[in-house]
Amino acid sequence: MLKNFIRIAFRGLLKNKAFTIINILGLALGLATCLLIVFYVFDELSYDRFNLNASRIYRVNMDMKYGGNVASYAITPPPLAATLKNNYPEVERSARLIHDQGVRIKKEGEYVQEEKVVYADSELFGVFTLPLLEGDPKTALTEPNTLVITESTAKRYFNNTHVLGRVINLSDNTNYKITGVMKDIPSQSHFNFDFFFSIAQRADAKLADWNNFSYTTYVLLKAGTDPKAFEAKLPALMKKQLGENYARLEQSGNYFHLNISPLTDIHLKSNRQYELGANGNASYVYIFSAIALFVLLIACINFMNMSTARSANRAREVGVRKVLGSSRGYLVAQFLSESLLITLCASIVAIAAAWFLLPLFNEISGKHLTVTLQVFSWLVPAMLLIILLVGLLAGAYPAFYLSAFQPINVLKGKISTGFKGGRLRNFLVVFQFSISIFLIIGTLVIYNQLNYIRHKNLGFSRNQVMVIKDVGVMENAKMFKQEIKQLAAVKNASLSGFLPTGVVRAPDAVFRIRSANPKNALFTEVWPVDADYLYTMGMSLAKGRNFSNQFATDSLGVIINETAARMLGFANDPLNKTVYRTTSQPNQPLKEYHIIGVVKDFNFSSLRDNITPVVMFFNDDVGALSVKMESKNTATFITQVQQVWNRFAPNQHFSYSFMDQDFDAAYRTEQRTGKLFLIFTALAVIIACLGLFSLAAYAAEQRNKEIGIRKIMGASVSAITGMLSKDFIRLVIISFVIAAPLAWLAMYNWLQGFAYRQNVQWWVIAVSGIGAIFIAFITISFQSIKAALANPIESLRSE
C-alpha cells in the first residue's frame, strides 16, 4: 500500500512539474534559511560549554558608583582570587587573568606585534578545561618569565608543537621560556588568546590593594554550592577590606559592589567594561530564533496555499476516485504521501544549499561554523522530525480540504465559493505579510541607526587619520614624529596612545575640588597628550587654550571635557580653577592642578553610552602616533611612512590602522546583524510572495467563469486586473496596520541600548508599507493579467 502511495504521488508530481518545482524551491528556501539560523543560534548558545565544570565556574564582577559615575566592570582587585579561595569554603579553585596590552615578539629576525596576549595564574588549568599537548598544567605557569602558547601559535613560530624549553624573545630584551603547549581554544569561548604569560612576574599581582581594579577573577565553586548564597557574602568582604572608606562611600550614596556571573551567561548576557572579548547579545538570539520559526511557518503556509490553488485541477480527480470507490481516508493518505515526498525532496535541497552557503554565511556573520560529527548527531534526527512535522502540517489542510469534495458537485464544476470565502487563506496572507513588514521595518531602522553612527558628529574627525602603533619601540619617537610631519601629505601628527576609537579604559584617578565630600569627586580617565593632539584629532575648545611648549607651568595644567566641568560644578567658569588628584594608593598626598582649557565633549567610547569625564595632561606617551593626512593616493603615503619607520625602527614590524576603521570595528556586531536582517528579510518577503503568487492563481481559477463573462461583456484587462488584485491589496494593508505598531515598539526598545540614537522615523514606516503593497501588487499582477488575457471561450465551453 505504501509503495503504491509513493508511486502514485511521484507520478502526480512529475505530471505537474511547475507546481512541484515551485513547491520544492519554496520549502527548500524556508528550510535552508531555518537551518542556517539554527547553526547560528546553536553556536551562540554553546559558548564556554566545552569546559567540563562549566556549570560551576563563575566570574566575579564589580558594580561601581562614585562621584556621579555609574559603571559595571568585569575586573576586580588583585587579592580577591586568593582571598576567596582561602576564606570561603564554597570556593574550590580560583584563577586570574589580566589582558594588559600587546607585546612584540621576535620572529624570523623581526619583532611582530601580538595582541592576543594575557597574563594568567597557574590555577587557570584547574578551573578551565584547556588541555595541554606538552607540559604539566600544575606547574606550567608557576615560575616568572614562563608562558604557555597554543598549538597553532607553536606551529606559526616553530613549525611544530614540541617546543618545551624553547625561548621567546620580546622587544624589551626579556626572554620567556615555553613551559606548555595547549590545544587551540575553541572559538566558542568568551576569551581566546594565543600567549598565556605567567602572572608571577607582575608586581601588581602580589599587591594587597583593594582599590586597584584590573584583574578578571574566576572561581570554581564546589559541587552543591548555592551561587546566590555565595554571592550574598561578597558585600561584607568589600566592606571589611575597605574599612572606613567603605562607610564614607555608603554615606555619600556611592558604592563598590561585587557580584558573580555564570560562565555560560557571559557571552550572551554580559556587556560590562573590560570584557576579555567581544560578546554576543541574547536578544539577537531570540530574534533570529523567532525569524527561523516564522520563515518555516511561512514556507508551510505556502505549501498549503499552492495545494489549494490546484484544487480546481485536482477536484475532478477526487470526484472520479470517489465515484470509483476510494474512501476519504485513502485520499487523505494519498495527499499526505505527496506532501511528505515534496518535503523530503525540499529537505535534501535545503541541506545541500545550507552546506554550500555556510562559508558565505560565516563571512557575513563573523562566525566559524562547521558541520561536525557533533552537529550531525542532532541534525539528522532533527531533519527527520522536521520532514515528518512539516510534511504533515503543510499537507494536512490540503489533504482534508480536497478529500472532502462531494463527487456530484465536483463533476458539475461546483467546487468552491471562491476566494472571498476563504477566511483561513486570508488569515495566512495577513500572517505572512505582517511578518515580512515587521522585518522590513526592523531592517530599515537598524540600517538607519548604523548610518547615523557612521556620520554623527563625534566631536572629533576620524577621517584621514592614520594610527601608527607601538612607536615606543624606537629610541626617539619625537624625532620620528617630526620626520613624519615633513611628508607633503601630512597636515599634523600627535604622539599619544589614548585615542577616541571606542577602546575601553578604566578610570584610574579621582579629581575633586577643595571639598572632601565624595559627591563632588570625579572618577575619571586621564589621558597624556602633546600640544598637537587637539589639532590632529580635530577637537574644538569650548573655553581656554591648548597646551603649549612655551609654558613651563602647563606640566601642572589640565584640559577637561565639558562633562567633567559640569560634574565638578565648573560649567560656567572653569578656567584657572584648582582641582586635586588622588590615586587608588592609600595615604598618597593630593596633587594640585589648574584648569587651562575645556574641550568640547567628544565620543571616545561607544555611542551606546553617555559621554563620561576625561582629563588631559601635558605629558609624553608613545603608545601611538596619529597622523592627519591629506592624500588621494593612500598606498603611496603608507609606503612613504613605512620608509621613515624602517629608518627609526629596523627589524620592527610596521603596524598601522586608520581611525575610521578602528571606530567602525566597535559596531561590527550591529553591522553584521544588519546584514543578516537584510538577508533574512529578503528571504521572508520572497517566500511570502510565493504564497501570494499561489493564492492569486487560486483566485483566478475560482473566478475563471466570472472573468470570461466580464470579458464578453466588455471588461478591460486593467479592470479585471484591479478586480482580482483589490482583495489581496486589502489584506496587505491589514498586515501593515498590524505589523507597524509592533515593529515600532520592538525597534524603539532596541534603540534604547544606544545613548545616542535616532528615533524610528515616520518615513521608515511609510516606505515599508508602500514597498510591501508594491511588491504584493507586482506579484499578483502576473497572475491577474494572465487570467485577464485568457480566451473566455476556454472557461465557458462547458456552459
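## Terms and basis of the model

A residue is called buried when its relative accessible area is under 20%, exposed when that area is over 50%, and partly exposed in between, using a 1.4 Å probe and protein chains only. By that definition Lys367 is buried, with a relative accessible area of 10%.

The structure is a predicted model, in which local features need a pLDDT of at least 70 and side-chain atom pairs count only at pLDDT 80 or more, while totals for chains, interfaces and linings use all residues. Residues are numbered from 1 along each chain as its sequence is written, and side-chain values use heavy atoms, with hydrogens and water left out.

## Confidence

The pLDDT, which is the predictor's confidence in each residue on a scale from 0 to 100, averages 83 over the protein chain, and 88% of the residues score at least 70. Over residues 417–421 the pLDDT stays under 50, and for this stretch the model has 11 contacts beyond four places in sequence, a contact being heavy atoms within 4.5 Å. Where pLDDT is low, the predicted coordinates should not be read in detail.

## The chain as a whole

The protein chain has 799 residues, of which 52% count as buried, and its secondary structure comes to 25 helices and 24 strands. These elements are DSSP runs numbered from the N terminus, with helices (H or I) of at least four residues and strands (E) of at least two.

Among contacts between residues at least 6 apart in sequence, 80% join residues at least 24 apart. The chain exposes about 36300 Å², of which carbon and sulfur atoms supply 57%; accessible areas come from the Shrake-Rupley method with a 1.4 Å probe, and for residues only the protein chains shown count as cover.

## Helix 5 and its buried face

Helix 5 covers residues 151–158, and within it Thr153, Ala154, Tyr157 and Phe158 are buried. Seen down the axis of helix 5, these buried residues fall within an arc of 100°, so they line one face of the helix; the arc is that of the directions from the helix axis to the C-beta atoms.

The buried residues of helix 5 pack against several strands, including strand 4 (103–107), strand 8 (146–150) and strand 10 (175–182). Helix 5 is followed by Asn159, whose phi is positive, near 65°.

## A nonpolar patch on the surface

Trp355, Phe376, Val380 and Leu384 form a nonpolar patch on the surface, with about 410 Å² of accessible area together. Patches are made of residues with over 30% relative accessible area and no salt bridge, where like charges are joined within 9 Å and nonpolar side chains (Val, Leu, Ile, Met, Phe, Trp, Tyr) within 5 Å. The largest share of this patch, three residues, comes from helix 13 (residues 373–403), while Trp355 is found in helix 12 (residues 328–365).

## Salt bridges

A search of the whole structure finds 21 salt bridges, each defined as a side-chain nitrogen of Lys or Arg within 4 Å of a carboxyl oxygen of Asp or Glu. One of them joins the side chains of Lys367 and Glu44 (2.0 Å, N to O). Lys367 lies in the loop between helix 12 and helix 13 and Glu44 in helix 2 (residues 17–45), so the pair ties together parts that are 323 residues apart in sequence. Glu44, at 5% relative accessibility, also counts as buried.

Another salt bridge joins the side chains of Asp63 and Arg272 (2.7 Å, N to O). Because Asp63 lies in strand 1 (residues 57–66) and Arg272 in the loop between helix 9 (266–269) and helix 10 (282–309), this pair ties together parts that are 209 residues apart in sequence. Arg272 counts as buried at 17% relative accessibility. In the salt bridge of Arg545 with Asp554 (2.7 Å, N to O), Arg545 is partly exposed, with a relative accessible area of 28%, whereas Asp554 is buried, with a value of 0%.

Most residues other than glycine have a negative phi. Asp470, however, has a positive phi near 60°, and its place is in the loop between strand 14 (465–469) and helix 16 (477–485). Asn576 has a positive phi near 65° and is exposed, with a relative accessible area of 63%.

Val644 is found in helix 19 (residues 634–648) and counts as buried at 5% relative accessibility. Val644 and Ile484 are 160 residues apart in sequence and 7.3 Å apart in space, C-alpha to C-alpha. Not counting residues up to four places away in sequence, Val644 touches Phe480, Glu483 and Ile484.
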